Amino acid sequence: MAELIPAPAAVAHPPVGDFLLDESTVIDAGPGTEATARWLRGTLGAVTGLPLAPGAGDDGETIRLRVAPADAGHLGPEGYKLYVNGDDITIHGGGPAGVFWGAQTLRQLLGPSAFRRAPVEPGRQWRAPGTFVEDAPRFRWRGLMLDVARHFMPKDGVLRYLDLMAAHKLNVFHFHLTDDQGWRVEIKRYPRLTEVGSWRARTKFGHRASPLWEEKPHGGFYTQDDIREIVAYAAERHITVVPEIDVPGHSQAAISAYPELGNTDVIDTSSLSVWDNWGISLNVLAPTDNTLRFYEGVFEELLELFPSEFIHIGGDECAKEQWRQSPSVQARIEELGLADEDGLQSWFIGHFDTWLTARGRRLIGWDEILEGGLAPGAAVSSWRGYEGGIAAARSGHDVVMCPEQHVYLDHRQDAGADEPVPIGYVRTLEDVYRFEPVPPQLTSAEAGHVLGTQANLWTEVMEDHARVDYQAFPRLAAFAEVAWSALPAPAERDFADFERRMAVHYERLDALGVGYRPPAGPLPWQKRPGVLGRPIEGAPPNR
């Protein structure tokens, strides 16, 4: 019996026989399921060597994909029913996405070898065991944030992570494209953003307290066609890509390319380069009309590339020292009738909330956008704990829960000395499995504003995809179950059963080539001896 992750709502193995996939197996794709049929043909066809041709076959020959009619029940757009017996395999989805998630479950039923890219057992018989699964997600936002600004991940790596997300039924890819250390998306009207802003001269190796440097340029960016490809690839997998352009802080890369964006009456912004260190840069955007027009130009091109409902504008960790020192900024605060610099940041965010709303989009930002008053209509990524999300939900704003103390996957996985570049609190596989996205303080009406949850991968100390894999997995599998499955309260969750199912899931990850952290600890090549991190001792605050 296959061990499914994330755990479905209901699963049974009636005595109905297995379905044998062979040369006669066809895929009968109903309206709205064509993308899933293509995906099945590409993945299962590649690993089985079978044609899986389109068409309607006889008994024992057909994989049938259907979007259920609206009056067929309570599946919801991402819910599905999967039936496997000796006569056929049928996936009914409440919408096209539901059919796709059912196909992901079918892949798991076929065993870990189904996660490879080519046949490894010539002549093998591929059997799906007789199974009935009924399933639907708990949350509509099941996200993963990938920071490609600190360490650039080439396009093929991004596409690979979209496949890994799909295999775990995650459906929102938060694409952190800009920061102090690099600008990663082509903006045609501002070419210096990538000509200058996408490369730094060197890179700190380890936490910012580390004395080690990698003395070579680091960078890269995605062309607009790269972005279109990524967005289309994600859409085929029913994943929404939410781009992030961070303002008004975390903007030194942009200022290095266009110095007029910075606080020129405080420092010589023409001397700035893309930042080579970690932390919070004091070089932030000047709140001028020129800056607003510049970023409107950036967002105009961005909206053409990303059809997502939400656009993330960051808004976090905006150092206000330069604003306090700048005569022109102080005059701007007075001109606008604002109380202080927090009010100025709120005004800045509010401008883009209004701008995006007028174009049919919604602004989302980190919970600092609450400071100085939350922009009307904005949603909040609650990262500093639960408090920001609670405040936002109680004010009627939508929330994505991603508290750093629980689901920042750059945080270390063990307290042992072998953990590579240890950052933050210890967050074990079990800790992530017991994470609860909805705070108990919220009423049911307030909890309705929790769109879902998201795990975040900040890459300051993840220099390549192998390090990203190590930090993400296996914890992302636990997170995916939290985001998808209707689990009991954290203390009542059956972690032993999850570990039992993970024993099979590790084999799937092996087949996918994922460099996860083994349960016994890091392998020799996964360690980074002597590279300083920033461990925080004790249990994280649950607030």
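**Close-up views of the predicted model**

Helix H7 (residues 289-305) is largely enclosed by the rest of the structure, because 12 of its 17 residues are buried; buried denotes under 20% relative accessible area, exposed over 50%, and partly exposed the range in between, with a 1.4 Å probe and protein chains only. The model is predicted: local features require pLDDT of at least 70, side-chain atom pairs count only at pLDDT 80 or more, and totals for chains, interfaces and linings use all residues. Residues are numbered from 1 along each chain as its sequence is written, and side-chain values use heavy atoms, with hydrogens and water left out.

**Figure 1. Helix H7 and its buried residues.** Helices (H or I, at least four residues) and strands (E, at least two) are DSSP runs, numbered from the N terminus. From its first C-alpha to its last, H7 reaches 25 Å, close to the 24 Å expected at 1.5 Å a residue; the expected span is 1.5 Å times one less than the number of residues. The buried residues of H7 include Phe 294, Tyr 295, Glu 296 and Glu 301. Phe 294 and Tyr 295 also belong to one aromatic cluster with Trp 183, Tyr 190 and Tyr 258.

**Figure 2. Helix H17 and the kink centred on Ala 503.** The 18 residues of H17 (residues 495-512) should span 26 Å at 1.5 Å a residue, and the end C-alpha atoms, 24 Å apart, agree with this. A kink of about 35° is centred on Ala 503, where the bend at a residue is the angle between axes fitted to the seven residues ending there and the seven starting there. Among the buried residues of H17 are Phe 495, Phe 498, Met 502, His 505 and Tyr 506. The cover over the buried residues of H17 includes helix H2 (96-109), helix H13 (429-433) and helix H16 (475-484). Just after H17, Gly 513 takes a positive phi of about 75°.

Figure 3. Glu 3 counts as buried, at 12% relative accessibility. Glu 3 and Ala 503 are 500 residues apart in sequence, yet their C-alpha atoms are 8.7 Å apart in space. Leaving aside residues up to four places away in sequence, Glu 3 touches Gln 108, Arg 500, Arg 501, Val 504 and Arg 508; contact requires heavy atoms within 4.5 Å. The segment before E1 also holds Pro 6, and the peptide bond from Ile 5 to Pro 6 is cis, with omega near -5°.

**Figure 4. Aromatic pairs of Trp 141 with Phe 310 and of Phe 348 with Phe 352.** A search of the whole structure finds 26 aromatic pairs. Rings of Phe, Tyr and Trp (its six-membered ring) pair if their centres lie within 6.5 Å, and planes under 30 degrees apart count as stacked, over 60 as edge-to-face and the rest as tilted. Trp 141 and Phe 310 are edge-to-face, at 5.5 Å centre to centre and 70° between the planes. This pair links distant parts of the chain: Trp 141 lies in strand E10 (residues 141-147) and Phe 310 in strand E19 (residues 310-314), 169 residues apart. Both Trp 141 and Phe 310 are buried. Phe 348 and Phe 352 form a tilted pair, 5.6 Å centre to centre with 45° between the planes. These two residues lie four residues apart in helix H10 (residues 341-357), about one turn of the helix, and both Phe 348 and Phe 352 are buried.

**Figure 5. Charged side chains over the faces of Trp 484 and Trp 355.** A charge sits over a ring if NZ of Lys or CZ of Arg is within 6 Å of the ring centre and within 35 degrees of the ring normal. Lys 169 lies over the face of Trp 484, at 5.8 Å from the ring centre. Arg 359 lies over the face of Trp 355, at 3.9 Å from the ring centre.

**Figure 6. Cysteines Cys 318 and Cys 402.** The whole structure contains zero disulfides, a disulfide being a pair of cysteine sulfur atoms within 2.5 Å. For Cys 318, the nearest cysteine sulfur is that of Cys 402, 19 Å away. Cys 318 is buried, with a relative accessible area of 8%, and Cys 402 is buried at 0%.

**Figure 7. Backbone geometry at His 250, Glu 317 and Pro 474.** Most residues other than glycine have a negative phi, and most peptide bonds are trans. His 250 has a positive phi of about 50° and lies in the loop between strand E18 (240-247) and helix H6 (252-257). His 250 is buried, with a relative accessible area of 2%. Glu 317 has a positive phi near 45° and is partly exposed at 26% relative accessibility. The peptide bond from Phe 473 to Pro 474 is cis, with omega near 10°, and Pro 474 lies in the loop between helix H15 (465-472) and H16.
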